Amino acid sequence: MNNSLKTFDDLVFSEVTKSSIATLKASLRFENGYGVSVLTGPGALATIEKPYELAVIKYQDDNDYQIIYPTLFNSDVIPCLTCDEVTQYMNIIQSLPELF
């Protein structure tokens, strides 16, 4: 596994529409087959102080993934995160054993 862990700064956000509300989304795949999908904006489960929502995802191939329910951390997406908290979750997810 690569010793260089991805952080919040590696996320590239683009606009998506979630329930008719413009939201910013970034998805990032890790070497172990897991990844994250991070939302921010009016369509995210977030607050002004903690503006990010994170979902743990499992990639099927390079462009196809599914959200893992329940996640390793709770039964749904992880709401109300700061950018530092997003990085903390990213580090944990990247440290998981590789998927087959």
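Here is a walk through the fold, starting with confidence and ending with the aromatic rings.

This is a predicted model, where local features need pLDDT of at least 70, side-chain atom pairs count only at pLDDT 80 or more, and totals for chains, interfaces and linings use all residues. Residues are numbered from 1 along each chain as its sequence is written, and side-chain values use heavy atoms, with hydrogens and water left out. The score itself, pLDDT, is the predictor's confidence in each residue, from 0 to 100. Its mean over the protein is 88, with 91% of residues at 70 or more.

Helices (H or I, at least four residues) and strands (E, at least two) are DSSP runs, numbered from the N terminus. Helix 1 takes in residues 83–94, 12 residues in total, and reaches 16 Å from its first C-alpha to its last, close to the 16 Å expected at 1.5 Å a residue (that is, 1.5 Å times one less than the number of residues). Which residues of helix 1 are buried? They are Val-86, Thr-87, Met-90, Ile-93 and Gln-94, where buried means under 20% relative accessible area, exposed over 50%, and partly exposed in between (1.4 Å probe, protein chains only). These residues sit on the same side of helix 1 because they cover an arc of only 125 degrees around the axis, taken from the directions from the helix axis to the C-beta atoms. What covers them includes strand 2 (21–29), strand 3 (34–40), strand 4 (52–59) and strand 6 (78–81).

Leaving aside neighbours within four places in sequence, Val-86 is in contact (heavy atoms within 4.5 Å) with Phe-8, Leu-11, Val-38, Tyr-52, Leu-54 and Leu-81. Val-86 is also among the residues with the most contacts inside the largest nonpolar core, which has 18 residues. Such a core is a set of buried Ala, Val, Leu, Ile, Met, Phe, Trp, Tyr and Cys residues joined through side-chain atoms within 4.5 Å. Strands 2, 3, 4 and 6 and helix 1 each give it two or more residues.

Finally, the rings. Rings of Phe, Tyr and Trp (its six-membered ring) pair if their centres lie within 6.5 Å; planes under 30 degrees apart count as stacked, over 60 as edge-to-face and the rest as tilted. Phe-13 and Tyr-52 have ring centres 6.1 Å apart and planes at 40 degrees, so they are tilted.
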